[in-house]
Amino acid sequence: MQYNYPIPVQDDAIVQTLKSLGFTQPKDSPAFNPYDCTTDAPNLRAMQLGVAAARNFLTRAPTPLPTKTFWTMATTGVGEYQGNYLLRAEVAQQALGANNPQDAVYGYTQLDGRGNKLDGTQKYVIHFGPPGTNQGIPPIHDGGFWSLTIYNHDGTLVANQDAINKGITYNAIGGMMVQGHSACFNSDNSLDLYLQPTAPAGGIPLCNWLPLPGTTPSFIAFLRMYWPTDTILNKDWLPPRIMKVN
């Protein structure tokens with residue numbers, strides 16, 4: 001609350017509750033420090049226990065149900081939380097913040113197309129069909145963009161030595177140039193992206209390789225779609241399954 005002020009009207013009720021517990025709002029407070037909870041607050045110990053309980057609760061809070069293609073994709077509620085303080089806290093804990101769905105929709109998964117944990121030592125492919133098809137190229141407005149990024153299981157970016165040796169410096173591939181890199185589309189404008197720890201062989205284009213970490217803990221595939229159409233917002237379009245290959 002020192003750096004993210006309560007939203008007028010929306011947060012008025014919760015602010016009054018916090019004040020009744022011991023939060024104070026000095027009339028002449030310095031900038032970026034409008035609220036305070038000092039050691040002489042009568043309910044300080046109770047509030048400290050409340051924070052500890054909330055942290056424990058957040059680790060067990062339910063996540064949205066995945067799609068039938070095993071992606072988790074929030075298209076409502078985020079960005080403008082109204083009184084949903086649990087969702088607001090989850091987003092703040094996991095992602096610092098989020099755009100409104102009309103501006104950006106995010107999808108992530110740690111499961112392959114059969115519901116098994118993704119393994120950073122294995123090989124996978126994700127096929128985006130032609131534009132306009134379900135599970136095809138993400139339908140975004142002209143001027144928007146989308147990308148797929150691979151992260152280690154702890155949320156850090158992958159540092160793959162094989163990729164580094166081949167001069168690959170990007171961590172994401174999308175529908176247009178991303179991080180100075182362009183994907184290679186098929187003749188029907190579909191796209192196959194290859195997720196594996198070593199460079200593709202057998203004529204598979206290197207331009208469509210997203211390096212995996214090469215470790216067994218489940219990696220994270222993160223799909224960003226900026227300025228999505230209603231087809232995404234209504235979940236008439238779903239991200240394709242990530243399929244394991246031999």
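Modeller: In soluble globular proteins, nonpolar side chains tend to be buried together. The model shown here is predicted, and its largest nonpolar core has 34 residues. Leu-193, Leu-195 and Met-225 have the most contacts inside this core. At least two core residues come from each of β3 (123–128), β4 (140–151), β6, β7, β8 (220–228) and α5 (230–233). The largest share, 4 residues, is supplied by β4.

Biologist: Which residues does Leu-195 touch, leaving aside those up to four places away in sequence?

Modeller: Leu-195 touches Gln-122, Lys-123, Tyr-124, Ile-126, Ile-150, Leu-210, Leu-212, Phe-219 and Ile-242.

Biologist: How many aromatic pairs are there, and how is the geometry of such a pair read?

Modeller: The count comes to 6 aromatic pairs. Planes over 60 degrees apart count as edge-to-face. Tyr-106 and Tyr-226 form an edge-to-face pair, with 6.2 Å centre to centre and 85 degrees between the planes. Tyr-106 belongs to strand β2 (residues 104–109) and Tyr-226 to strand β8, so this pair links distant parts of the chain, 120 residues apart. Tyr-106 is partly exposed, at a relative accessible area of 22%, and Tyr-226 is partly exposed at 23%. A further pair is that of Tyr-124 and Phe-219: the ring centres are 5.8 Å apart and the planes stand at 70 degrees, so this pair is edge-to-face. Because Tyr-124 lies in strand β3 and Phe-219 in the loop between β7 and β8, the pair ties together parts that are 95 residues apart in sequence. Both Tyr-124 and Phe-219 are buried.

Biologist: Which residues do ring pairs link into a cluster?

Modeller: The cluster consists of Tyr-106, Phe-145, Tyr-151, Phe-222 and Tyr-226.

Biologist: How many salt bridges are counted, and what is the idea behind them?

Modeller: Side chains of opposite charge can pair when their charged atoms come close. The count comes to 2 salt bridges. In one of them, the side chains of Arg-88 and Asp-11 meet at 3.2 Å, N to O. Arg-88 is in helix α3 (residues 85–95) and Asp-11 in the segment before α1 (12–21), 77 residues apart. Arg-88 is partly exposed, with a relative accessible area of 25%, while Asp-11 is buried at 3%. Asp-162 also forms a salt bridge, with Lys-166, the closest N and O atoms being 2.8 Å apart. Asp-162 counts as partly exposed at 22% relative accessibility, as does Lys-166 at 43%.

Biologist: Finally, is Asn-160 buried or exposed, and which backbone oxygens does its side chain reach?

Modeller: Under 20% relative accessible area means buried, and Asn-160 is buried at 7%. Asn-160 lies in the loop between β4 and α4 (161–165). The side chain of Asn-160 reaches the backbone oxygen of Pro-197 at 2.8 Å and that of Leu-212 at 2.7 Å.

Conventions:
Residues are numbered from 1 along each chain as its sequence is written. This is a predicted model: local features need pLDDT of at least 70, side-chain atom pairs count only at pLDDT 80 or more; totals for chains, interfaces and linings use all residues. Side-chain values use heavy atoms; hydrogens and water are left out. A nonpolar core is a set of buried Ala, Val, Leu, Ile, Met, Phe, Trp, Tyr and Cys residues joined through side-chain atoms within 4.5 Å. Buried means under 20% relative accessible area, exposed over 50%, partly exposed in between (1.4 Å probe, protein chains only). Contact means heavy atoms within 4.5 Å. A salt bridge is a side-chain nitrogen of Lys or Arg within 4 Å of a carboxyl oxygen of Asp or Glu. A polar contact is a pair of N or O atoms within 3.5 Å; within protein, one must be able to donate a hydrogen and the other to accept it, and residues adjacent in sequence count only if both atoms are side-chain atoms. Rings of Phe, Tyr and Trp (its six-membered ring) pair if their centres lie within 6.5 Å; planes under 30 degrees apart count as stacked, over 60 as edge-to-face and the rest as tilted.
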